[in-house]
Amino acid sequence: MKPEINAEDEIVNRVANSALQVFDLEDYYPEGERVALDISGWLWEGFVLREKDFRETLKDHDWRQYSGKYVAVFCSTDAIVPAWAYMLVTTYLLPVAKKVVQGSVAQLNALIYQEILNGLDYAPYTDKPVIIKGCSRKPVPQEAYVMATQKLQPVAKSIMFGEACSSVPLYKRK
């Protein structure tokens, strides 16, 4: 036999019933493998770019391995690599990769988030308290939190960080 629950004993989810909007950056995390492509192995002794050899290496490389992946192109040595070399590598990657950047995987992830956040509609957050969710199981870059704050501050009534049960206030419109 179930005990009878009266109205005063009922558990109420005040967060669900509030105007609080949760902005979860993990919801926008694009799936897909991130790959770091180090071109130092394509340089003579890892430091000198010999154009003819470099071009031959690129022609002979199996670019299909980057199919559908996010690729960060970089050089791990202190070689002085001309801009055109990264551009040339990009011409080979562009037909197969999802995205190509010159830099680190961390920079790649930040750029991906920048593009995503620039394309979002922030109207649903207008004049509402917003909490930018802090815990994530996916590798959301720290830069994404800063970018999200910049996008939300002009529209939100207030911004907090964390979880509804324990949040850090960041901004409140005057």
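Residues are numbered from 1 along each chain as its sequence is written, and side-chain values use heavy atoms, with hydrogens and water left out. In this predicted model, local features need pLDDT of at least 70 and side-chain atom pairs count only at pLDDT 80 or more, while totals for chains, interfaces and linings use all residues.

**Strands and sheet**

Helices (H or I, at least four residues) and strands (E, at least two) are DSSP runs, numbered from the N terminus. Two strands are said to pair if DSSP finds at least two bridges between them. An open sheet is formed by 3 strands in the order β2-β3-β4, with parallel pairing. Its edge strands are β2 and β4 (99-102), each of which pairs on one side only. From one strand to the next, the twist averages 20 degrees.

Strand β2 (34-38) pairs with strand β3 (residues 70-74) in the parallel sense over 5 bridges. Within this sheet, alanine 36 stands opposite alanine 72 in β3. Helix α3 (residues 83-93) packs on the sheet and touches β2, β3 and β4, where contact means heavy atoms within 4.5 Å. The direction of α3 makes about 160 degrees with that of β3. Axes here are lines fitted to C-alpha atoms, for helices over the stretch in contact, and angles run from 0 to 180 degrees between N-to-C directions.

Further parallel pairing involves β1, β5 and β6. Strands β1 and β5 run parallel and are joined by 3 bridges; glutamine 21 stands opposite valine 130 in β5. Strand β5 is also joined to strand β6 (residues 158-163), by 5 bridges and again in parallel. The bridge partner of proline 129 in β6 is serine 158. Strand β5 (residues 129-133) is mostly covered, with 4 of its 5 residues buried. Buried means under 20% relative accessible area, exposed over 50%, and partly exposed in between (1.4 Å probe, protein chains only).

**Salt bridges**

The structure holds 9 salt bridges, each defined as a side-chain nitrogen of Lys or Arg within 4 Å of a carboxyl oxygen of Asp or Glu. The table lists some of them.

| Pair | Closest N and O atoms |
|---|---|
| Glutamate 33 and lysine 69 | 3.5 Å |
| Arginine 55 and glutamate 51 | 3.0 Å |
| Lysine 99 and glutamate 115 | 2.7 Å |

The salt bridge of glutamate 33 with lysine 69 links distant parts of the chain, 36 residues apart. Glutamate 33 lies in the loop between β1 (21-23) and β2, and lysine 69 in the loop between α2 and β3. With 46% relative accessibility, glutamate 33 is partly exposed.

Arginine 55 and glutamate 51 both belong to helix α2; because they are 4 residues apart there, about one helical turn separates them. Arginine 55 is partly exposed at a relative accessible area of 35%, and glutamate 51 is partly exposed at 41%.

The salt bridge of lysine 99 with glutamate 115 also links distant parts of the chain, with lysine 99 in strand β4 and glutamate 115 in helix α4 (residues 105-118), 16 residues apart. Both ends are partly exposed: lysine 99 has 21% relative accessibility, and glutamate 115 has a relative accessible area of 43%.

**The loop between β2 and α2**

Tryptophan 44 is placed in the loop between β2 (34-38) and α2 (51-60). Its relative accessible area is 41%, so tryptophan 44 is partly exposed. Trp44, Phe47 and Val48 make a nonpolar surface patch of about 290 Å². Patches are made of residues with over 30% relative accessible area and no salt bridge; like charges are joined within 9 Å, and nonpolar side chains (Val, Leu, Ile, Met, Phe, Trp, Tyr) within 5 Å. Accessible areas come from the Shrake-Rupley method with a 1.4 Å probe, and for residues only the protein chains shown count as cover.

Glutamate 45 lies in the loop between β2 and α2 as well. The phi of glutamate 45 is near 55 degrees, a positive value in a residue other than glycine. Glutamate 45 is exposed, with a relative accessible area of 62%.

**The loop between α4 and β5**

Aspartate 127 is located in the loop between α4 and β5. This residue, which is not glycine, has a positive phi near 60 degrees. Aspartate 127 counts as partly exposed, at 48% relative accessibility.
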